[in-house]
Amino acid sequence: MIQEWPAMWRREFAGYNKSALQKDVLAGITVAAVALPLALAFGVASGADAAAGLVTAVLAGIIIGLIGGAPYQISGPTGAMSAVLIVVVSRYGLPGMWFAAVLAGIMLVLLGVFRLGRVVALIPGPVISGFTSGIAIIIAFGQIDNFLGIKTPAAENIIDKLRYYATQDLSPNLEAVVLALLVMATMILWPRFKFGQRIPGSLMGIILATAWGALAHWNVPTIGAIPRTILLENRLLMDQIPWSDFSNLIVPAMSIAALGAIESLLCGAVAGNMTGIRLNNNLELIAQGLGNMVIPLFGGVPATAAIARTSVNIKSGGVTRLSPILHGVFLLLAALLLGSVIGRIPLAALAGV
């Protein structure tokens, strides 16, 4: 299996030239612009924080991009994965989620090593549709607090959360609500303008909401300080592994692994139809597994291939896996150079995304 990587890289970079490099750089910058707000939002939605989402996008882009099964796959935190993780975090805390991610990574590697990539293709379409629809509901309910600018106790399910909202006398922060609605409206209206095709609506919405909140001196919860490093202080440490929860985390780890495999291989199938380049399913599973074994050690959350970001990469002219890698590098530069600005983004703006 390992010997397949050098051969794949040689085929991919055969005849590589300055024109191809320019295309990869442009695609990497474009995808990074799309990925930045999503990484921040899904980091929060996962039960961690925005910095964890950013670290995930950086490492997934570089590690999984380098050894993935196709040149076009863009990996990072996703909404579907966030919906699973928020439940795991509420039950076992961040250490439990990180440990489950490592276990899931091992499972993904084994799926690839034993060439079981085709098994995922046997899952019925209605099952996948129902699953993703349920994920959308979980994400929406998980962002109500940030949307309203309030903080309520964690709940293990939607019913408990709704019961709490119904029985408590809550006072929404109207300023936070306005900023969230501003982002949502921008994402809907911005693409209708010709110049709106060059800058993602989600990024423009966050820029507008952050500027408005700062200029108006509105008192809304913000992301807070973004560490100028990808090695977060709050990460999985060897002496903090929750071995006592090992048996309880097997099922969540299987869920993370299954979701990672499904999303990544479905993304590859869609992108393969767009490019004519077939995804190597087994190499992709190994790459996803190795990436998710490493990311928790830096404080990130589980990652998987993202259809939206992958399609942006393809449409932006990405030629080789250098574009996913560069997207990770550009996100890292954004964290290092713009950390103070990113820290001022209102959580309500991420809820809008």
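**Salt bridges, helix packing and surface features**

With a relative accessibility of 49%, Arg115 counts as partly exposed (buried means under 20% relative accessible area, exposed over 50%, and partly exposed in between, with a 1.4 Å probe and protein chains only). The model is predicted, so local features need pLDDT of at least 70 and side-chain atom pairs count only at pLDDT 80 or more, while totals for chains, interfaces and linings use all residues. Residues are numbered from 1 along each chain as its sequence is written, and side-chain values use heavy atoms, with hydrogens and water left out.

Arg115 is placed in the loop between helix 4 and helix 5 (helices are DSSP runs of H or I with at least four residues, strands are runs of E with at least two, and both are numbered from the N terminus). The backbone of Arg115 has a positive phi of about 55°, although the residue is not a glycine. Most residues other than glycine have a negative phi. A positive phi is also found at His217, a residue other than glycine, where the value is near 55°. His217 belongs to the loop between helix 9 and helix 10 (246-275), and its relative accessible area of 70% makes His217 exposed.

Two salt bridges were found in a search of the whole structure (a salt bridge is a side-chain nitrogen of Lys or Arg within 4 Å of a carboxyl oxygen of Asp or Glu). Side chains of opposite charge can pair when their charged atoms come close. Arg115 forms a salt bridge with Glu4, and the closest N and O atoms of this pair are 3.1 Å apart. Arg115 lies in the loop between helix 4 and helix 5 and Glu4 in helix 1 (residues 4-13), so the pair ties together parts that are 111 residues apart in sequence. Glu4 is partly exposed, at a relative accessible area of 23%. The salt bridge between Arg321 and Glu12 has its closest N and O atoms 2.9 Å apart. This pair links distant parts of the chain, with Arg321 in the loop between helix 12 (307-315) and helix 13 and Glu12 in helix 1, 309 residues apart. Arg321 and Glu12 are both buried.

Two packed helices are described by the angle between their axes and the distance between the axes. Helix 3 (residues 50-67) and helix 13 have axes that come within 7 Å and cross at roughly 155° (axes are lines fitted to C-alpha atoms, for helices over the stretch in contact, and angles run from 0 to 180 degrees between N-to-C directions). Helix 3 is therefore roughly antiparallel to helix 13 (angles under 35 degrees count as roughly parallel, over 145 as roughly antiparallel, 65 to 115 as roughly perpendicular and the rest as oblique).

Val341 is placed in helix 13 (residues 322-342) and, with a relative accessibility of 49%, counts as partly exposed. The C-alpha atoms of Val341 and Ile226 are separated by 8.9 Å, and the two residues are 115 residues apart along the chain.

Helix 4 packs with helix 11 (residues 281-294) at an angle of about 160°, the axes being 7 Å apart. Helix 4 is thus roughly antiparallel to helix 11. The crossing in which helix 4 passes helix 11 is left-handed. Within helix 11 is Glu284, which at 1% relative accessibility counts as buried. Glu284 and Ala305 are 21 residues apart in sequence, and their C-alpha atoms are 9.4 Å apart in space.

For helix 2 (residues 18-45) and helix 9 (residues 201-215), the axes come within 8 Å and cross at roughly 60°. Helix 2 and helix 9 are therefore oblique to each other. Their crossing, that of helix 2 and helix 9, is left-handed.

Ile106, Leu110, Val113, Phe114, Leu116, Val119 and Leu122 make a nonpolar surface patch of about 660 Å². Patches are made of residues with over 30% relative accessible area and no salt bridge, with like charges joined within 9 Å and nonpolar side chains (Val, Leu, Ile, Met, Phe, Trp, Tyr) within 5 Å; accessible areas come from the Shrake-Rupley method with a 1.4 Å probe, and for residues only the protein chains shown count as cover. Phe114 is placed in the loop between helix 4 (79-113) and helix 5 (125-142). At 56% relative accessibility, Phe114 counts as exposed.

Technical notes:
Left-handed = near helix turned anticlockwise from the far one by under 90°.
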